[in-house]
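I opened this notebook to record what I looked up in one chain. The entries below follow the order in which I took the questions.

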Amino acid sequence: MSGEDGGAWRIVHVPGRPPVPPDQQLTVNVVAAQIEQPKLTNTIIRRLSQIAPLEDLHHVKRVKKKCIEGGQIQLSVILCLAPENGDFDGIPCDVKDVINSYQLSPFVAKVCKYAASSKEEWVEQCKLWPTSYHPPTYNISGITGFSEEDSQSVVSFMKYALELAKSHGNVVVNAAAIVDPLSNQVIARARDEVCSWQTPKTEASAECGSSGGPRQVETSISCLHPQWWVNEQTGRSSSFCHPLRHAAIVAIESSAARDRRLFPDVRYKDESTIEECVLSPANSQAKRQKTDANDVDNDDKNDTAYGNGDLSSRPYLCTGNDIYLVWEPCTMCAMALVHQRIRRVFYACPNPSAGALGSVHRLQGEKSLNHHYAVFRVVVPQDVLDKVELSMISGS
């Protein structure tokens, strides 16, 4: 996809776990056996499901069918996980009873340890033992590709975030824009606010380009080295807002303030009525500022769309919204986006030191969380990045 700035913009889906070459997937050993009498298959499976369920291998099919000469079907069944020492004497007694009762001949087979995340992985898995493949079923546009119209919209909002970061002056910061995809409007925007006016300078590798490679820049991007800001807070309270006020956090706060302003009489049961944000100490010069009507795009237009005081019409947190970030968020910001029920996260630059959505961790694939969003990296043309960085880096 070519843009007005020249070069190619690309939108790349970042899956919940790192991609694995189909022929290099992790495997585990299981004890299996051929079933000589096919009519006994269901009986054997029911018994094995009771005494030796495959708790961590739900994607693996219990029975393997194989066509042999003469059109015959050969059936094999997984009995249990193989003992670590490979000795059949370690097979559970109940499974041994099944083996003896049906005169089975056990053997060791390999199965893939994890469910396939792509059709290519699934094809390779089935060469060892049949598995199930379930493509993503959640209704998030972009997982299977973007239309030209959607791609242009994504590029437009990423340009908005880049310009927002650039407008901070000659200091490199992260920027965030929360977008309502239904109205296609920015409802909240923010930049890093870990410091107020005296910004410290620290060297950090910000790998942002597709061809130019990593470059060392003087940067104050909070998500790249979050612990550094915590350490530097001591003794600098006069010039620092708060080490946790990353762009994503401030954007979330701005979105919440917007909702309170648009729906002054509506409160959720679990919503705090304290107006001061816990991230902004009362004695700090960075006291939380109430969102100005001119600070959020098109607020007046959205007032009537959301209604007046009806709980059902007030958006719950950031449910269904997208967020655009210049840099990949750290773990704190990524978890905050989980709690806010964000639908999609787009970022332009990887965060090699603390990235939580692809570079270091992949929070979007953590099964224990009660909400999952889709993550995309927007690969920005090098000439666009050069223009932005030349405007942001002091002395360039």
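**Entry 1**

I began with Thr41, which is buried, with a relative accessible area of 8%; buried means under 20% relative accessible area, exposed over 50% and partly exposed in between, with a 1.4 Å probe and protein chains only. The model is a predicted one, in which local features need pLDDT of at least 70, side-chain atom pairs count only at pLDDT 80 or more, and totals for chains, interfaces and linings use all residues. Residues are numbered from 1 along each chain as its sequence is written, and side-chain values use heavy atoms, with hydrogens and water left out.

I located Thr41 in helix H1. Helices (H or I, at least four residues) and strands (E, at least two) are DSSP runs, numbered from the N terminus. Which residues does Thr41 touch, not counting residues up to four places away in sequence? I noted Ile35, Val63 and Leu75, where contact means heavy atoms within 4.5 Å. Two of these names returned when I turned to the strands: the bridge partner of Ile35 in S4 is Leu75.

**Entry 2. The four-stranded sheet**

I then traced the open sheet of four strands, which has the order S3-S4-S2-S5 and antiparallel pairing. Two strands pair if DSSP finds at least two bridges between them. Strand S2 (residues 27–35) and strand S4 (residues 73–81) are joined by six bridges and run antiparallel. At the edges I found strand S3 (63–67) and strand S5 (106–112); each has a single partner strand, so one side of each is left without a neighbour in the sheet. From one strand to the next the twist averages 40°.

H1 packs on this sheet and touches S2, S3 and S4, and its direction makes about 10° with that of S4. For such values, axes are lines fitted to C-alpha atoms, for helices over the stretch in contact, and angles run from 0 to 180 degrees between N-to-C directions.

**Entry 3. Two packed helices**

At what angle do helix H1 and helix H2 pack? I recorded about 170° for H1 (residues 41–51) and H2 (residues 93–101), with their axes 10 Å apart. That makes H1 roughly antiparallel to H2; angles under 35 degrees count as roughly parallel, over 145 as roughly antiparallel, 65 to 115 as roughly perpendicular and the rest as oblique.

H1 contributes Ile44, Arg47, Leu48 and Ile51 to the contact, and H2 contributes Asp94, Val95 and Val98. Sorted by class, the contact has five nonpolar, no polar and two charged residues. Here Ala, Val, Leu, Ile, Met, Phe, Trp, Tyr, Cys and Pro count as nonpolar, Asp, Glu, Lys and Arg as charged, and the others, Gly among them, as polar.

**Entry 4. The six-stranded sheet**

I next followed the open sheet of six strands, ordered S1-S12-S11-S10-S6-S7 with mixed pairing. Its edge strands are S1 (10–13) and S7 (185–191), each pairing on one side only. The twist averages 20° from one strand to the next. S1 pairs with strand S12 (residues 374–379) in the antiparallel sense over four bridges, and His13 stands opposite Phe376 in S12.

How many of the residues of S10 are buried? I counted six of its six, and S10 is mostly covered. Strand S6 (residues 175–180) pairs with S10 in the antiparallel sense over four bridges, whereas S10 and S11 pair in the parallel sense over five bridges. Tyr324 of S10 stands opposite Ala177, and its bridge partner in S11 is Phe346.

**Entry 5. Aromatic pairs**

Finally I looked up the ring pairs, of which the structure holds six. Rings of Phe, Tyr and Trp (its six-membered ring) pair if their centres lie within 6.5 Å; planes under 30 degrees apart count as stacked, over 60 as edge-to-face and the rest as tilted.

Phe146 and Phe346 form a tilted pair, at 6.2 Å centre to centre and 55° between the planes. This pair links distant parts of the chain, 200 residues apart: Phe146 is in the loop between helix H3 (119–128) and helix H4 (148–166), and Phe346 is in strand S11 (residues 344–349). Phe346 counts as buried, at 0% relative accessibility.

The rings of Phe157 and Tyr324 have their centres 5.5 Å apart and their planes at 40°, so this pair is tilted. Phe157 lies in helix H4 and Tyr324 in strand S10 (residues 322–327), 167 residues apart. Phe157 is buried at 10% relative accessibility, and Tyr324 is buried at 2%.
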